[in-house]
Amino acid sequence: MGKIVRASSLHTHNTFCDGAGFIEAYVRAALAARLPAFGASSHMPVPWTTEYAMRLDALPAYVAEVRRLQAMYGGQIEVYLGLELDYRPGIESFAAEHLAPLGLDYLIGSVHYIGELDGAPWSFEHSAETFATGFERLYNGDARRLAEDYYALVRQAAHVPGVSIVGHIDRIKMFNADNRFFDDDAPWYRDIVDATLADLAGVGTIVELNTAGWRRDCRSPFPAPWIVRRCAERGIPMTLSADAHVPEQVAFRFAEGADLLRAAGHTHIAILRAGAWNYESLK
């Protein structure tokens, strides 16, 4: 296993959303892991009912807490203010109204929903059972149409103003261990992904190597190694993230993630330093 790189852990969830830990506990964990930078990225408030997203009226307290920690830990670790944008069509105006005034340091654009089922957004990642239900009822088992819709949303998320990181790009595979629902080696699937990467390369967004996939049913990071390689071939920068929901996960399997990036042909990793994106050598 290679050395642990100087990565910034920017995809983290805390008690303001569905995480189990105060933001300061994450900062301390990042310090213990010798990371140069940490970012809080709670699930942003959304204009539909959820059990995991931050409440809209909690935004001021969230911003104040991150700013407090920036001041408290200045000189020890850089602390950044972010959010994870849960993309659905039409979220752009809501985000512009409520997020633009916050002065965020970064925004992660992610897709957790596809269409609607029984009058509510279909959360395809809620469980294997809910995935199977939506797959049959909304798509009649047509994996190609499902993938086309999902990756179209990923592309739209990357175009939302302020989004600098695309989150867990192939999240649709979360319950697809052993190709239970579709063959992610099929040429049609790879063509859809590659068309998405071409779009992201044009937009200039960063793609995260999200190590949380190693904790999921798929037992594979987001994205899959072949997508990591295609990002390198297309010159798409990548950053390491843990999608941490407890402080102990703040640098989850970062050394292995760095090894994967190197093996795929990446020579640098994108990190936030001094308020700007920098590219740390992976050597």
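These are my notebook entries on a predicted model of a protein.

**Ground rules**

I number residues from 1 along each chain as its sequence is written. Because the model is predicted, I take local features only at pLDDT of at least 70 and side-chain atom pairs only at pLDDT 80 or more, while totals for chains, interfaces and linings use all residues, and side-chain values use heavy atoms, with hydrogens and water left out.

**Entry 1: the whole protein**

I looked up the secondary structure and found 8 helices and 11 strands. Both are DSSP runs numbered from the N terminus, with helices being H or I of at least four residues and strands being E of at least two.

I then checked the radius of gyration, which is 18 Å, close to the 19 Å that the globule rule gives for 283 residues, so the protein is as compact as a globular protein of that length. The radius is taken over C-alpha atoms, and the rule is 2.2 Å times the number of residues to the power 0.38. Along the principal axes, the C-alpha atoms fill a box of roughly 55 × 45 × 30 Å.

I noted that 55% of the 283 residues are buried. Buried means under 20% relative accessible area, exposed means over 50%, and partly exposed is in between, using a 1.4 Å probe and protein chains only. The protein exposes about 11500 Å², and carbon and sulfur atoms supply 50% of that area. The areas come from the Shrake-Rupley method with a 1.4 Å probe; for residues, only the protein chains shown count as cover.

I also looked at contacts, meaning heavy atoms within 4.5 Å. Of those between residues at least 6 apart in sequence, 71% join residues at least 24 apart.

**Entry 2: charges and salt bridges**

I found 26 positive and 35 negative side chains, with the centres of the two sets 7 Å apart. Lys and Arg count as positive and Asp and Glu as negative, while His and the chain ends are not counted. Each charge is placed at NZ of Lys, CZ of Arg, CG of Asp or CD of Glu.

A search of the whole structure gave me 19 salt bridges. A salt bridge is a side-chain nitrogen of Lys or Arg within 4 Å of a carboxyl oxygen of Asp or Glu. I looked at three of them.

- Aspartate 170 and lysine 173 meet at 3.1 Å, N to O. Aspartate 170 is buried at 1% relative accessibility, and lysine 173 is buried at 5%.
- Arginine 68 pairs with glutamate 65, with the closest N and O atoms 2.9 Å apart. Both residues lie in helix 2 (residues 59-72), 3 residues apart, which is about one turn of the helix. Arginine 68 is partly exposed at 35%.
- Aspartate 185 and arginine 190 meet at 2.8 Å, N to O. Aspartate 185 is partly exposed at 47%, and arginine 190 is partly exposed at 26%.

I then noted a network: salt bridges that share partners join Glu24, Arg28, Glu65 and Arg68.

**Entry 3: isoleucine 192**

I found isoleucine 192 in helix 6 (residues 187-203), buried at 12% relative accessibility. Beyond neighbours within four places in sequence, isoleucine 192 contacts Arg144, Ala147, Glu148, Tyr151 and Arg155.

**Entry 4: helix 8**

In helix 8 (residues 254-263), I listed Phe254, Ala255, Gly257, Ala258, Leu260 and Leu261 as buried. The buried residues of helix 8 pack against strand 1 (8-9), strand 8 (206-210), helix 7 (225-234), strand 9 (238-241) and strand 10 (268-273). Glycine 265 follows helix 8 and has a positive phi, near 105 degrees.

**Entry 5: two loop residues**

I looked up histidine 11 in the loop between strand 1 and helix 1 (23-32). Histidine 11 is buried at 0% relative accessibility. Leaving aside neighbours within four places in sequence, I found histidine 11 in contact with residues including Ser41, Glu84, His168, Glu208 and Asp243.

Leucine 56 sits in the loop between strand 2 (37-43) and helix 2, and is partly exposed at 38%. Not counting residues up to four places away in sequence, leucine 56 touches Pro45, Phe94 and His98. I also looked up a separation: the C-alpha atoms of leucine 56 and aspartate 185 are 41 Å apart, and these residues are 129 residues apart along the chain.
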